[in-house]
Amino acid sequence: MNLFGNAVPWRSIAREALDRTAIVAKFLCLLHVTNTYVCTPTLVYGPSMLPTLNLTGDVLLAERVSHRLGKVGPGDVVLVRSPVDPRKSLTKRVVAMGGDEVTFVVDPRNSERVRTIVVPRGHVWVQGDNIYASSDSRQFGPVPYGLIEGKMLCRVWPLDGFGSLNH
Amino acid sequence: MGTRSLLWDITKKYFTVSLIGLTVSDRYASIVSVRGSSMSPAFNPRSDTNDYVLVEKFCLDKYRFSHGDVVVFSSPSNHKEKHIKRIIGLPGDWIGTPNLDDVLKVPEGHFWVEGDNSVSSLDSRSFGPIPLGLIRGRVTHVVWPPQRMGRVERETNQRPLSSLQDRPEFY
């Protein structure tokens, strides 16, 4: 059987394959730009943000515009890259910004001891809502603002919790 | 109208090209200009021209770096600024700071940077070890000016005092 005869239109097959690949590549680029610069869904799980977020996992919509404009402030739930393991991202609440004083209970399970620290310029202090089971700035210190990756907008899944995260 | 559809075509092309360009520069490699003389003589050996360097982003996948890598990172005190310095210490290393008479251990998830030109360099000797998450890419080549084009070598100059990476079971 002559595979390279004139009956099979190799050139147009190749061209169509190239066109389809180009469309997929453009779509992936659009996806990347949207996820990095506009908003992205994130799966969040763990006990450190109870009762705001569920233990077994929520899908939240994180917007990625405010932190570039410097509009992240105390009370916001943010997506922040872990200063302990750069391959992981954490979801915590911003408690204080650079220049503020923050007073916190160091280890609420074992003692009532409180400490007060001034957050250095360009850093933020993050804490989980569930201070009994959260590894946050009380353990790893203030976090540079450059590690913030996004601000949580609303919950998307599970559907019965759909809507904004109340304080 | 003919001109309206032509305009629309051009806009679509620009939009597509900029999307692709943005994705490539975020995920694969980009070119940045080096300002300042803190990395002299590797970059900007004379103050009249700015060097342009190629920054690769593949290293951001696993965050595996070596001593002597030159990296671009966001400044810990001002997230809008970016700096280019050389990695001197990785997590677990002990760094001796001659001007502070102190020995300190680089914490987990952090690294210690210094500029090659220690006289005029704002680096970890002032702001301490910084989280690896601030790294935005690794510098591999100088691409401009043409007479200095070439690979950026890893220079290891005897520091840190002791490194966990000397042991084969690290990572």
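**Exercises: a nonpolar patch and aromatic pairs**

Helix α1 (residues 10-37) of chain A contributes five residues to the nonpolar patch, the most of any element. Helices here are DSSP runs (H or I, at least four residues; strands are E, at least two), numbered from the N terminus. The model is predicted: local features need pLDDT of at least 70 and side-chain atom pairs pLDDT 80 or more, while totals for chains, interfaces and linings use all residues. Residues are numbered from 1 along each chain as written, chains are lettered from A, and side-chain values use heavy atoms, without hydrogens and water.

**Exercise 1.** State which residues form the nonpolar patch on the surface.

Step 1. The members are Val24(A), Phe27(A), Leu28(A), Leu30(A), Leu31(A) and Phe15(B), together about 570 Å² of accessible area (Shrake-Rupley, 1.4 Å probe, only the protein chains shown as cover).

**Exercise 2.** Classify the aromatic pair Tyr63(B) and Phe65(B), and its burial.

Step 1. Ring centres of Phe, Tyr and Trp (six-membered ring) must lie within 6.5 Å; planes under 30 degrees apart are stacked, over 60 edge-to-face, the rest tilted. The search finds four pairs over all chains.

Step 2. Tyr63(B) and Phe65(B) lie 6.4 Å centre to centre with 65 degrees between planes, hence edge-to-face.

Step 3. Tyr63(B), at 8% relative accessibility, is buried, and so is Phe65(B), at 5% (buried under 20%, exposed over 50%, partly exposed in between; 1.4 Å probe, protein chains only).

Key:
Patch = residues over 30% accessible without salt bridge, like charges linked within 9 Å, V, L, I, M, F, W, Y side chains within 5 Å. Salt bridge = Lys/Arg side-chain N within 4 Å of Asp/Glu carboxyl O.
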